[in-house]
Amino acid sequence: MQVEQISIFIENKSGRLAEVTRVLGSQGINIRALSLADTSDFGILRLIVDKTDQAKKTLKENGFTVSKTEVIAVEVPDQPGGLAGILKVLDDSRVNVEYMYAFVERCGGNAVIIFRFDDLDSAIRVLTTNGVNILPGESVYAM
């Protein structure tokens with residue numbers, strides 16, 4: 001049920017983001033979802049790609065600091081209040097969301113949101129118990 005995400009530490013200067021995408025593109029690695037959080041000096045680029053291990057290796061070989069973390073991809077009703085309903089289920093069970101970001105594709109009539117939790121196993125248990133569909137990594141990488 002988990003999805004592998006890579007996080008890249010990049011300096012906040014012209015061309016670094018372009019360099020990451022150039023390196024990945026040159027190896028035929030497709031970015032499926034991304035999030036960028038930055039400060040005035042650096043940024044953390046979080047990516048879901050179709051070839052996680054190859055992306056991590058390639059980026060390290062090109063001088064980037066890269067780590068891999070586990071996240072989950074959740075189907076969210078694509079309607080007003082859809083995300084609020086998912087977040088209520090989590091809040092009612094006291095499951096903390098560390099961060100989240102949208103996925104580039106839809107799954108049927110639903111949106112896909114990537115979530116990172118401080119307790120991944122509890123989050124999966126709460127969501128599945130409440131009928132929320134969690135997409136397996138293989139499905140996400142192939143979207």
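**Figure 1. Buried residues of helix α4 in the predicted model.** Helix α4 spans residues 120-129. Its buried residues are Leu-120, Ser-122, Ala-123, Ile-124, Val-126 and Leu-127. Elements from several parts of the chain cover them, including strands β1 (2-11), β4 (65-77), β6 (110-117) and β7 (134-135). Helix α3 (82-92) is also among the covering elements.

**Figure 2. Crossing of helices α1 and α2.** Helix α1 covers residues 16-26, and helix α2 covers residues 52-61. Their axes come within 10 Å and cross at roughly 125°. That angle makes α1 oblique to α2. The crossing of α1 past α2 is right-handed.

**Figure 3. Side-by-side residues in the α1 contact with α2.** From α1, the contact uses Val-20, Val-23 and Leu-24. From α2, Ala-55, Thr-58 and Leu-59 take part. By class, the residues of this contact are 5 nonpolar and 1 polar, with no charged residue.

**Figure 4. Confidence along the predicted chain.** The mean pLDDT of the chain is 91. A score of at least 70 is reached by 98% of the residues. Among the elements, helix α2 has the highest mean pLDDT, 96. The lowest mean, 82, belongs to strand β5 (residues 97-107). Where pLDDT is low, predicted coordinates should not be read in detail.

Note on methods: Residues numbered from 1 in each chain as written. Predicted model: local features only at pLDDT ≥ 70, side-chain atom pairs only at ≥ 80, totals over all residues. Heavy atoms only, no water. Buried < 20%, exposed > 50% of the residue type's maximum accessible area, 1.4 Å probe, protein only. Helix = DSSP H or I, 4+ residues; strand = E, 2+ residues; numbered from the N terminus. Contact = heavy atoms within 4.5 Å. pLDDT = per-residue confidence, 0-100. Axes fitted to C-alpha atoms, helices over the stretch in contact; angles between N-to-C directions. Parallel < 35°, antiparallel > 145°, perpendicular 65-115°, else oblique. Left-handed = near helix turned anticlockwise from the far one by under 90°. Nonpolar A, V, L, I, M, F, W, Y, C, P; charged D, E, K, R; others polar.
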